[in-house]
Amino acid sequence: MAKKVAVILAGCGVYDGSEIHESAAVYVHLSRAGAQMHVVNHTKGQPTEETRNVLEESARIARGNIKDLKELDVNEYDAVIIPGGFGVAKNLSTWAVKGKDCTVEKDVEAIIKGFHGVKKPIGLCCISPVLAAKLFPGCELTVGCDTECEKWPYAGTAAAIKELGCKHVNKQVNEVHVDAKNKLVTTSAFMCNSPVHEIYDGIGEMVKYVLIN
């Protein structure tokens, strides 16, 4: 039977929503693997000069096939994946302004802890592993490399993950880290300054390991 995977989006666009290339890569790899994918979203207006609806914006990526996060029942799914993008740090948490002292939005926290509590796989890429770092001290994650350079401009995130009591594992952009104990599968995606096809390949590995765990 095909695995049923929930994909949580945080809007549309790298700087204030879900990263479009990462989201599309997740969908393509799930589709190729024959998994059933159901897109859900955290509905919350963003603090800007204009009123914006994250659910409506995420529907642009999901071609309109999207549900409110409040409708997600962990019991109906085999796994959950959260693509990256600054929407994770702005809409799903307060990481963008508070870093390691952030809070995770309560509905998002409940869903992630729900999957974790029943030992169902959680796939996280780009900045989204920080959600697990905040919620599960001691877990193992990757956001790529912990040494900042032109290729890894956001390596400071690895240090913040370590400060939260988690283990950061350095991985290349086309690799994943699997925390078997916590059922977490993570990859760096656009935390790396890398060609999009390499990002795509790394997300493919994440999806593969989410589906077999």
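Which residue stands opposite Val185 in strand 9? In this predicted model, in which local features need pLDDT of at least 70, side-chain atom pairs count only at pLDDT 80 or more, and totals for chains, interfaces and linings use all residues, that residue is Val178. Residues are numbered from 1 along each chain as its sequence is written, and side-chain values use heavy atoms, with hydrogens and water left out.

Strand 8 (residues 177-179) pairs with strand 9 in the antiparallel sense over three bridges, two strands being paired if DSSP finds at least two bridges between them; strands (E, at least two residues) and helices (H or I, at least four) are DSSP runs numbered from the N terminus. Four residues lie between the strands of this hairpin, in which Lys183 takes a positive phi near 60 degrees. Strand 9 also runs parallel to strand 5 (residues 122-125), to which four bridges join it, and Cys125 stands opposite Thr187 of strand 9. Within strand 9 (residues 184-187), Leu184 and Thr186 point one way and Val185 and Thr187 the other, and all are buried, that is, under 20% relative accessible area with a 1.4 Å probe and protein chains only.

The largest pocket holds about 400 Å³ of space. Of the 20 residues that line this pocket, Phe86, Cys126, Tyr154, Phe190 and Met191 are the closest to its centre. A pocket is here an open set of points on a 1 Å grid over the protein atoms alone, where a 1.4 Å probe fits, with protein on both sides within 12 Å along at least five of seven lines, and lining residues have an atom within 4 Å of a point. Helix 3 (86-90), helix 4 (95-98) and helix 7 (156-163) each supply at least two residues of the lining.

Definitions and conventions. Points joined across faces, edges and corners; volume = space filled by probe spheres on them. Buried < 20%, exposed > 50% of the residue type's maximum accessible area, 1.4 Å probe, protein only.
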